[in-house]
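Me: I've got a model open and want to talk through some helix packing and the disulfides. Can you walk me through it?

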Amino acid sequence: MSRPAGRRRAPVRTAAAAVVVALAATAVLAPAAQAAPDPGSIVKVNQVAYVPGLPKQATIVSGSGSPIAWTLRNSAGATVASGQTTVRGADSLSGDNVHIADFSAYDTVGTGYVLAAGGAQSYPFDISASAVRKLRYDSLAFFYHQRSGTPIEAQYVGATYARPAAHLNVAPNRGDNNVPCRVSCGYTMDVRGGWYDAGDHGKYGVNTGIAAWQLINQYERTLHVAGADRAALADGTLAIPERANGVPDILDEARWGVEFLMKMQIPTGRADAGMARHKVSDENWTALPTRPEQDAQPRVLAAPSTAATLNLAATAAQAARVWKTIDPAFADRALTAATRAYTAAKANPTRYADANDTNGSGTYADNNVTDEFYWAAAELYATTGASNYRSDVTGSPHFRGTGFGTHGFEWWWTAGLGDVTLAMVPNGLNASDVSATRNAISSYADQLLTQANRQGYPVATHSQPLFVWGSNGIVANAGNVLALAYDFTGQQKYRVGVFQTLDYLFGRNPYNQSYVSGYGERAVRNVHHRFWANQVDGSLPTAPPGSLAGGPNQELQDPYAQAQLAGCRPQKCYIDHIDAYSVNEVTINWNSALAWLANWAAEKAGDAPPPPQDTTAPSTPGAPTASNVTATGVTLSWAASSDAESGVTGYEVRRISGGTSTVVASPSTASATLTGLSPATAYTFAVVAKNGAGLVSAQSPSVQVTTANGSTPPPGDAGCKVVYTANSWNNGFTANVTVTNTGSAAWSGWTVGFAFANGQTVAQAWSGIASQSGSQVTVRNESYNGTVAAGASVSFGFNGTHTGTNTNPSAFTVNGAACS
């Protein structure tokens, strides 16, 4: 985050002073002003998934003063719902004239729905809770990717994102083992570990604090909120090295942040003992791109700040409470650090970060720390019950939720974090004080809902002006306030507001832009990041799934955004470009907000409602036709079925033999690739369709297929190569797959097929979209990695489970052709 000009407590990062270096390094100059980014279709939807049982609305750009017709079509093209829009008119935040289409009455789980209106159609989307449940973990995986001082291993993230450990004094790194002060202090500090904050290699106390707090609070909430899903955050739920240590994985990840904050505390015997250094960063800005292990800049420590010290006090006190029975030694160490930090901060209440310290890092300057004092006192009181902390809490101007009068919570406004703890965690406050705090949270949530409901692209955001640096992080935190209000009151309007927040982040916005990488047809790709820099270096990856881009920022503090977006309306001040750092960076504190939101939404998505009362089966599918016949597989395609009532939800491919039929595949679309067949063998296949009511069509005419002779290389055998490796533990494993195009022509898309031999099950995939039917697994490309040039390779991976021997698959197909 670069410096938002004119904001009192603005984050100062990847700063304007570094723009010349970054642009020169990438040979990109600020472009001449040109047309704004393509807004895409006039029909704006949540292009990922609407959750069953909740409102489903879309925004349609239209100047008509009268309602227009809309139709909802399923993946087979059949119309399953229709209606008329509601005219909303001019929308000031986007500059669009808009209508609202409400198709909430249609609730059939399925994929590939399209909403059409005004002669245009939306991007396809699902009706399902699956996507938000996957985001629960992808958003948390962001933190493992951002770890410093440890290798990021392929077995957890796949080969594409793997990298060596960095900043450990291994050349060319200068390292974090013994970092000196930027202004000489006579000693060095070992500050290895922690998370890189954002797109550069700095590590900062004030946003490590809120990020670690939000991860810990996700877990602590499950201890005190009835119905919260603790099992979803248990040991073994994340792909991280600590996944089998008996500790909830989310706490293992959060500990990286807490341990780093404690390392930044000035030791006893030194000047300012107990205070925390504000940041550790490069002495000067690095070029874009720069892999972490190739960063050759010296590392320096900033002066201590009261804000960073109070972040340490608050987060370490919270950790001491949560780890008390999990790791008592760590809990004791954390509480000691917290009490030392709070004492030091009270002795140094106005040690503010230098707003001009922008060489190689942002300032994160904050000259009002009354909110941090309240937060730290609240955490220490909830942990210890000590009277001195209680007095500091009750004597604060922010007591009883007063901080929610104007804002929720961000790295620079943390009073609300203390309120959440006091409202959620049992403590010694009077019941009336706890009730007042909860009421303040709910009242603020009501303000957010009122604000959102006035918009053409409804979204709650607690900031003035509404769209500034990191607006998507602000949006996610506003959604978290709505979620807390639901926890405290049970009122459905707040639950609806949370999912409306996800609608906006997933594409119901003026640009049809999903701001979460890997989610949606038009997902963000080119975030400002020195390693996820594929846009300027094709050997580097794009952002991993689940990364939240900064979002629209009407203040436009970088040259690229200024040139491209001059005069933009607030919600349109965004472009997906690596040089547009004021709108397209990522940070740990935005992703912690997204992770908290996704975890809550996954928990509250609920089960799909019962299917509609439909008594008419789908139409009969067309006769299958065979293609890509090999010795062990075949691709079947057929004319799609239709169903006007509850929609076609999928198909069954049946193998016919001796008067009996066996289901061999259950695709959601009108094609299937079968593998694991025997060479030189005749097979007969037919297809039936299923609808949302569970009804099955008549069986299609059959097709007979004879597989190729296994002694002859099947078509395409020389055109691809697959390397499959797996790492097993207990009943789980992580697989990494590299596919090479050994042919002479590029692939415009790829689908890999294989069969497991021992009942393994795919649980979570990355860099590819996986489906499984019985033992048969199919993985197809994501929207960003479909093109594979001749001689080039593409990789994907997945986590899975097994109950016996985890035998690797023995045969693979790519696009229906067998591979070596």
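Reply: Helices here are DSSP runs (H or I, at least four residues) and strands are runs of E (at least two), numbered from the N terminus. Keep in mind that this is a predicted model, where local features need pLDDT of at least 70, side-chain atom pairs count only at pLDDT 80 or more, and totals for chains, interfaces and linings use all residues. Residues are numbered from 1 along each chain as its sequence is written, and side-chain values use heavy atoms, with hydrogens and water left out.

Me: At what angle do helix 11 and helix 12 pack?

Reply: Axes are lines fitted to C-alpha atoms, for helices over the stretch in contact, and angles run from 0 to 180 degrees between N-to-C directions. Helix 11 covers residues 431-453 and helix 12 covers residues 471-489, with axes 9 Å apart, and the packing angle is about 130°.

Me: What does that make helix 11 relative to helix 12?

Reply: Under 35 degrees counts as roughly parallel, over 145 as roughly antiparallel, 65 to 115 as roughly perpendicular and the rest as oblique. So helix 11 is, relative to helix 12, oblique.

Me: Which residues of helix 10 touch helix 11?

Reply: Helix 10 (residues 415-424) packs on helix 11 at about 130°, axes 9 Å apart. Contact means heavy atoms within 4.5 Å. On the helix 11 side you'll find Val434, Thr437, Arg438 and Ile441, and on the helix 10 side Asp419, Leu422 and Ala423.

Me: How many disulfides are there?

Reply: A pair of cysteine sulfur atoms within 2.5 Å counts as a disulfide. Cys181 is joined to Cys185, Cys568 to Cys573, and Cys720 to Cys819. The count comes to three.

Me: Is Cys181 buried or exposed?

Reply: Buried means under 20% relative accessible area, exposed over 50%, and partly exposed in between (1.4 Å probe, protein chains only). Cys181 has 9% relative accessibility, so Cys181 counts as buried.

Me: Which handedness does the disulfide of Cys720 and Cys819 have?

Reply: These sulfurs sit 1.8 Å from each other. The torsion about the S-S bond is about -105°, so the disulfide of Cys720 and Cys819 is left-handed.
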